[in-house]
Amino acid sequence: MKNTFIKNTIGQIVSFAASMLLLCLIWQGITILTESEIPGPIATWQVAKEMFAEPFYDYGPNDKGIGLQLTASLWRVFLGFGIGSLIAIPLGILMGSSKFIMRLFDPIVQILRPVSPLAWFPLGLLAFKAAAGATIFIITITSLWPTLINTSFGVVHIPEDHKNVSKAFGFSKFKYLTKILIPYTLPHMITGLRLSIGIAWMVIVAGEMLSGGSGIGFFVWDSWNGLSLEKILVAILIIGSVGLLLDKFFNTLKMAFAWENK
Amino acid sequence: MPGKINNLLNLLTMKNLTQEELDLLQAEEAETKEEIAKLLAPTAIKIKNVTVSFKSKKGLYTALEDISLDIKKGEIISLIGHSGCGKSTLMNTISGMVNPTSGEVIANEQVVKGPGPDRGIVFQNYSLLPWLTVFQNIYEAVDSSFKNISKEEKKAIVEKNLKMVNLWEHQHKLPGHLSGGMKQRVAIARAFAINPKILLLDEPFGALDALTKSAMHIELLKLWNLDNRDKTIVMVTHDIEEAIFLSDRVVVLNNGPASTIKEIVDIPLERPRNKKEIVHHPKYKEIHDKLLSLLIDKFSISDY
Ligand SMILES: Nc1ncnc2c1ncn2[C@@H]1O[C@H](COP(=O)(O)OP(=O)(O)OP(=O)(O)O)[C@@H](O)[C@H]1O
Ligand SMILES: [Mg+2]
């Protein structure tokens, strides 16, 4: 039991290392093909080391360390994602519980869901009169859909058997909510949250490129203006890794609440 | 009954009763009272011309057709019939989980519109909540049914019922980690714990071994005996011995589609019944044979 666990872990580490090596090889290949116009892994590593040496320096509004930029972005993502979830979860539960509310809201959801974050940005600017508010607004409005849809899907599919238990034993509305609806829907909800945070993290870069000021998106834009392709590459790797970590976090959360495989 | 009353009158008209005769008189009187009380008992469940049809892709499937049955308060009734004949469907019309296509069911003086805690149910598929432990599954039901008692008292009820079904040591397990028989016992404990006026049991002991089954029969009768035998119990079973041992009447259903009641067999064996002795009762064999032939009339040995 323990032995296979160790074997599995070692296997995972080895395959991850191999995968990273493959990425570096492809990257190096592209660098050679473009005659070093795109910096290779080694050149990028040098720049990365400098950037990470002092991640939290702050030399005024347009010159901040990568750590500060990252925290600024994460903070915005969590704000936007948090507000989105606070809207999406209750609305999803309502839509799942009532056919009428479902019919009322479903067309709205279908129309608004595919709209690009960039299209929302001017509206956000108008509404909030500030770029920072607009960025959070576009994260909220583009990331709430998967949570909304998955939550309502979960609620719609609560098995008749569970509902009958609630009726047969006279559960109150509150007990039905906390002992049946939420436990059953939670894995669906977390899947929705996981997709939503993925979208939020994608949108933040676009949002910060438009709004400027701070954040990892602004950093990419700023590096482009400063013609430092290495910095852009480092930023891409950071964006990717943070996205991966966020995804893993929600996956672990889902596992923790999945009663099916307990 | 009339025979007994005649007997009684005869005894009463005699003079100079011996002690033996006096005892007999008292015993008969008590028995007669009990029987009269039974006859006068109010109806607990009234099934009135119930027809149940299900919509399917191929059209309408009528499972039950025009079923009427009166069940008295304090009666134990067994439903038997072949698989798929509509026993669960009939139970579900009483519990309120299936609405009759026509006709109605009256339980506890009210037309059944949906499930409710006045009718405790053991579902055929147990229906435990998979994210709650054994203890919590019962606790939530108790918590909903008893509003005016403290948390400690509720916990004590759960404990008592879990001990009754021998699952106290397994109280922290999730249903996914229980065997079929264990799940069934949790479902039984849950239905017993809320102490309903009407108990609806859909094959409650089907997944249990003979020994556990016997123990559960005793517990069921104990529960029934508790409040002056005024709990009404309707039970689905495939087990003829079980039906005879427990019931006052056995309702045999025809095969579907459009099942009706084939026959209602009275079980006039006096209580308390003893499992070992009852089989030697002269009426036992008669009833057993009758039920058996009602169930398997279509097939005889010569068919093979
Ligand atoms: N929800 C439903 N929709 C369609 N048909 C149904 C439904 N429930 C039951 N039936 C049909 O009604 C008939 C009776 O089913 P029911 O479950 O009452 O049988 P049963 O006597 O309890 O059988 P068993 O002894 O196997 O439990 C079956 O033919 C079944 O297919
Ligand atoms: Mg059945």
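I began at A:Gln28, which touches A:Gly40 and A:Pro41, residues up to four places away in sequence not being counted; contact means heavy atoms within 4.5 Å. This is a predicted model, in which local features need pLDDT of at least 70 and side-chain atom pairs count only at pLDDT 80 or more, while totals for chains, interfaces and linings use all residues. Residues are numbered from 1 along each chain as its sequence is written, chains are lettered from A and ligands numbered from 1 in the order in which they are written, and side-chain values use heavy atoms, with hydrogens and water left out.

**Entry: A:Gln28**

I placed A:Gln28 in helix H1 (residues 2–33) of chain A; helices (H or I, at least four residues) and strands (E, at least two) are DSSP runs, numbered from the N terminus. A:Gln28 is partly exposed, at a relative accessible area of 30%. Buried means under 20% relative accessible area, exposed over 50%, and partly exposed in between (1.4 Å probe, protein chains only). I noted 16 Å between the C-alpha atoms of A:Gln28 and A:Ala48, which are 20 residues apart along the chain.

**Entry: B:Ser95**

I then turned to B:Ser95, in helix H3 (residues 87–95) of chain B. B:Ser95 is buried, with a relative accessible area of 2%. Its contacts include B:Val112, B:Pro115, B:Arg119 and B:Leu200.

**Entry: helix H7 of chain A**

In H7(A) (residues 160–168), I found A:His162, A:Asn164, A:Val165, A:Ser166 and A:Ala168 buried. These buried residues pack against H8 of chain A, together with strand S6 (119–122) and helix H6 (180–193) of chain B. Just after H7(A), A:Gly170 has a positive phi of about 65 degrees.

**Entry: nonpolar cores**

A nonpolar core is a set of buried Ala, Val, Leu, Ile, Met, Phe, Trp, Tyr and Cys residues joined through side-chain atoms within 4.5 Å. In the largest one, of 83 residues, A:Phe169, A:Trp201, A:Ile216, B:Ile45 and B:Ile47 touch the most other members. Helix H8 (residues 173–211) of chain A gives the most to this core, with 13 residues. Apart from this core lies another, of 51 residues, among them B:Met164 and B:Phe245.

**Entry: H4 and H5 of chain B**

I looked up how H4(B) (residues 134–145) meets H5(B) (residues 151–164): their axes come within 9 Å and cross at roughly 125 degrees. Axes are lines fitted to C-alpha atoms, for helices over the stretch in contact, and angles run from 0 to 180 degrees between N-to-C directions. H4(B) is therefore oblique to H5(B) (under 35 degrees counts as roughly parallel, over 145 as roughly antiparallel, 65 to 115 as roughly perpendicular and the rest as oblique).
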